[in-house]
Amino acid sequence: MERARAHPSRRRLLQGAVLAAVPSTLLPQALARAQARAVDYPPAEWQPAVTSNYTASDRPDSYPLDYVVIHVTQETYDDTLAVFKDPQNQVSAHYLIRSADGHIAQCVREADVAWHAGNWDYNTRSIGIEHEGWVDRPAYFTDALYEQSAGLTAAICATYGIPKDRGHIIGHYEVPGSDHTDPGPNWDWTRFIRLVDSA
């Protein structure tokens, strides 16, 4: 039995005509709005890690969120993004902050488990923030980097009820079993926690 061919409705034809008439200059704005909805922290830019470098989850329902882990990349900002996008590296963080201007990239959704701490238990219960720079080059720890990181950290703490203290905002070197030293002796914890408190 042959089915009758469905004809598009007048409404569908009009919708198509409207979309065709939208100037192409408006499309980047729509894309920017869609990207803004993709991030958990609105000032951040979405720069996703490859899906094989983190574990999809539904935190805080699947795991409680108790910590923010502070990292230093030992790489440039661009090279760190490339590392997170390469499936062979098996590493990621939720956020990456650029040294020069404090620009924030979100690479993994907060609900998902980033592979940043080197300890599965801590990965499941933390948000990882990478900072562009090297532990032995304090010039990378700019005012903009500290200020933007503190604002992000304060927002994460407020969202998940994480205390804004050194017991819950920790360095990578404080994760049990870690062999890392970041953020290193040049990271000003007193200044950072003060900025988090006032953000």
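The following dialogue examines how terms are applied to this predicted model.

Guide: Residues are numbered from 1 along each chain as its sequence is written, and side-chain values use heavy atoms, with hydrogens and water left out. In this predicted model, local features need pLDDT of at least 70 and side-chain atom pairs count only at pLDDT 80 or more, whereas totals for chains, interfaces and linings use all residues.

Visitor: What is the average pLDDT of the protein?

Guide: The average is 88, and 81% of the residues score at least 70; pLDDT is the predictor's confidence in each residue, from 0 to 100. Over residues 1-26, pLDDT stays under 50, and the model has one contact there beyond four places in sequence, a contact being heavy atoms within 4.5 Å. Where pLDDT is low, the predicted coordinates should not be read in detail.

Visitor: Why is His116 called buried?

Guide: Buried means under 20% relative accessible area, exposed over 50%, and partly exposed in between (1.4 Å probe, protein chains only). His116 has 5% relative accessibility and therefore counts as buried. His116 sits in the loop between strand 6 (113-114) and helix 4 (120-124); helices (H or I, at least four residues) and strands (E, at least two) are DSSP runs, numbered from the N terminus.

Visitor: Which residues does His116 touch, not counting those up to four places away in sequence?

Guide: Among them are Val69, His71, His94, Asn123 and His172. Gln90 lies 26 residues from His116 in sequence, with a C-alpha to C-alpha separation of 9.3 Å.

Visitor: What makes a set of residues a nonpolar core?

Guide: The set must consist of buried Ala, Val, Leu, Ile, Met, Phe, Trp, Tyr and Cys residues joined through side-chain atoms within 4.5 Å. The largest such core has 28 residues, of which Tyr95 and Phe192 touch the most other members. Helix 5 gives the most to this core, with seven residues.

Visitor: Which residues does Phe192 touch, leaving aside those up to four places away in sequence?

Guide: Phe192 touches Ile70, Tyr146, Ser149, Ala150, Thr153, Ile169 and Trp187.

Visitor: How many residues of the lining of the largest pocket are nonpolar, polar and charged?

Guide: The lining divides into eight nonpolar, 12 polar and four charged residues. Asp, Glu, Lys and Arg count as charged, Ala, Val, Leu, Ile, Met, Phe, Trp, Tyr, Cys and Pro as nonpolar, and the others, Gly among them, as polar. Helix 3 gives the most to this lining, with three residues.
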